[in-house]
Structure formats: C-alpha cells, structure tokens
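Here is a friendly briefing to read alongside the sequence and the model.

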Amino acid sequence: MNEIAIPVTVLTVSFNAEATISRAIESVMEQTYSDIEYIIVDGASQDNTAMIARSYIEAFNSRAGRSMRVISEPDKGMYDALNKGARLAKGEIVGQINADDWYEPEAVETMAGLYERENYDLAWGSLNVITGKGCYIKHAKRGLFWSTSHWCHPAAFAKRETLLQYPYPLTNPHDDFDFATHLYVDGKKLIPFDKVIGNFTFGGMSTKKGLRDVKRRLNEIYGIHRKYGMSKLYYVYRLIFEAVKYILT
C-alpha cells in the first residue's frame, strides 16, 4: 500500500448505464490507493443504474479510508453533473471516470503520486481505447499543437479548487476540452503522464463516425480554439485529425 497522503475524490456520472456501471464501480473499489471518496452523480436514470450503484455502498465504505455515495436527480447533462460533483467533493484532487469506462488498479495511486511531486492543476494519463476494430493506446502527451489528439478526459485528474474556479461552461459536447484549453491559455500547470491508467469504450457523441458527425465535431472543437484566441490554422489541423480518425475507426 502507498504512503501518499493526498485525499482523492473520484466522480462517475451516469445515465441509464445499468449494463456498465458495475465495472466502473468495481474498478474504483479495487484501487491500490486507500484515501478515496467516490461520488456517483446519476441523472435520474430510468433503468436500474442507481439501484445497482447503491448496492455497492456498504462494501465500498467497509474498506479503510473509503467512502461512497450515490446522488440520483435530474441534471442538464454530463458536464452539469461533473460541476455538481466537484462542488460536493472533499478531495484535494478529483478524478472523473465515465460509467462506460474503467480504471486500471493503480490509476488513483499513480495520479496522486504525480500530484504530490508536481502540484498540477490538471494532469492526465494514457488510455486503452477499445473500438469495434480492436484496441490501441492513446498516449498522454503535449504536442506542438494543443489538441484533443493529446487530451484524455477519462484519464484526467484536476485540483478541486481549479475545477471550482473553471467550471465546465455547459455550451458544447466537448466541454472537457474547453475546460482544459481554458487552463492551457491561462498558463495553469498541465501535466501529461504516459502511463495507461484507464480504459475507454469508443462510442457516444465524441466518437460518432458519420460525415455529418465529423463536420459537427470539427466545427465545435475548432470553435473552442477560436474562443480562446488560438490560430485559425487549427481548422486545418483538426480537419486532418478528423479525416484520420474517420478512416481508422
């Protein structure tokens, strides 16, 4: 067991995720790190998601240093729920793992240790990305261009006070990238760490493959670059990235 003494909150946002929520919860429960507050923010699911989540509370809370709670009420979507979770969190740093995804066993310990060394505002690890065509690793890094091609939200941890200072704006399906970009242009401490800490299932709004979806996503993410005064050349960069993504997935 580790000797790091950083209190950590992990958030999972869910909505009608009864098929996958157990895997996400169990990945948090089996972490090698002990000081974990776990909050599931459910958007008033119409299936058994909240019931399944609550069935883990007793077992989770029985472990030393652990606490778990489940909130189920209507919200305005994923990022509204994450903002709510950040306000409720007691940890010094906050991780966010989606209901469809899951952590590697040393994820929290890895990111808490990195925080102890670096005192970051935002850090992210690498991801195993599971697609219909197989699996690949999305490596955490900072490239020449600031882009979602290097940003791994399900593997991200942020300082709680930073999340409160920079809440998700609730304007775009890519609010996570908006948040990270805001920190980037404001000169906050962003640390990529190339170690796989999570597993991401390829699907949902950010990964739809139709040409109309590609065009929508291109304009939305380019709009974030322009919102923060970044170069118009990002449109060309993003166009190339979306084309490659379309071919490979």
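The side chains of Arg69 and Glu37 meet in a salt bridge, with 3.7 Å from N to O; a salt bridge here is a side-chain nitrogen of Lys or Arg within 4 Å of a carboxyl oxygen of Asp or Glu. This pair links distant parts of the chain, since Arg69 sits in strand β3 (residues 66–72) and Glu37 in strand β2 (residues 36–42), 32 residues apart. Please keep in mind that this is a predicted model, in which local features need pLDDT of at least 70, side-chain atom pairs count only at pLDDT 80 or more, and totals for chains, interfaces and linings use all residues. Residues are numbered from 1 along each chain as its sequence is written, and side-chain values use heavy atoms, leaving out hydrogens and water.

**Salt bridges**

- The structure holds seven salt bridges, and side chains of opposite charge can pair when their charged atoms come close.
- Asp178 forms a salt bridge with Lys227, and their closest N and O atoms are 2.9 Å apart.
- Because Asp178 lies in helix α7 (residues 175–185) and Lys227 in helix α8 (residues 211–227), this pair ties together parts that are 49 residues apart in sequence; helices (H or I, at least four residues) and strands (E, at least two) are DSSP runs, numbered from the N terminus.
- Asp178 is buried at 3% relative accessibility, whereas Lys227 is partly exposed at 47%.
- Glu220 and Arg216 also meet through their side chains in a salt bridge, 3.0 Å from N to O.
- Both Glu220 and Arg216 lie in helix α8, four residues apart, about one turn of the helix.
- An α-helix has 3.6 residues a turn, so residues three or four places apart point the same way.
- Glu220 counts as buried at 18% relative accessibility, and Arg216 as partly exposed at 21%.

**Around Ser14**

- Ser14 has its place in strand β1 (residues 8–14) and is buried, at 3% relative accessibility.
- Its side chain is joined to that of Asp42 by a polar contact of 2.7 Å; a polar contact is a pair of N or O atoms within 3.5 Å, where within protein one must be able to donate a hydrogen and the other to accept it, and residues adjacent in sequence count only if both atoms are side-chain atoms.
- Leaving aside neighbours within four places in sequence, the contacts of Ser14 include Ile21, Ile40, Thr49 and Ala99; contact means heavy atoms within 4.5 Å.

**The nonpolar core**

- The largest nonpolar core has 71 residues; such a core is a set of buried Ala, Val, Leu, Ile, Met, Phe, Trp, Tyr and Cys residues joined through side-chain atoms within 4.5 Å.
- Helix α5 (residues 107–118) gives the most to this core, with six residues.
- Val10, Tyr120, Leu122, Trp124 and Phe157 have the most contacts inside the core.
- Not counting residues up to four places away in sequence, Phe157 touches residues including Val8, Ile93, Met111, Tyr120 and Leu122.

**Helix α7**

- Eight of the eleven residues of α7 are buried, so this helix is largely enclosed by the rest of the structure.
- Among the buried residues of α7 are Phe177, Asp178, Phe179 and Leu183.
- Their cover includes α4 (78–88), β6 (122–131), β8 (156–159), α6 (160–165), β9 (190–201) and α8.
- Gly187 follows α7 and has a positive phi, near 75°.

Technical notes:
Buried < 20%, exposed > 50% of the residue type's maximum accessible area, 1.4 Å probe, protein only.
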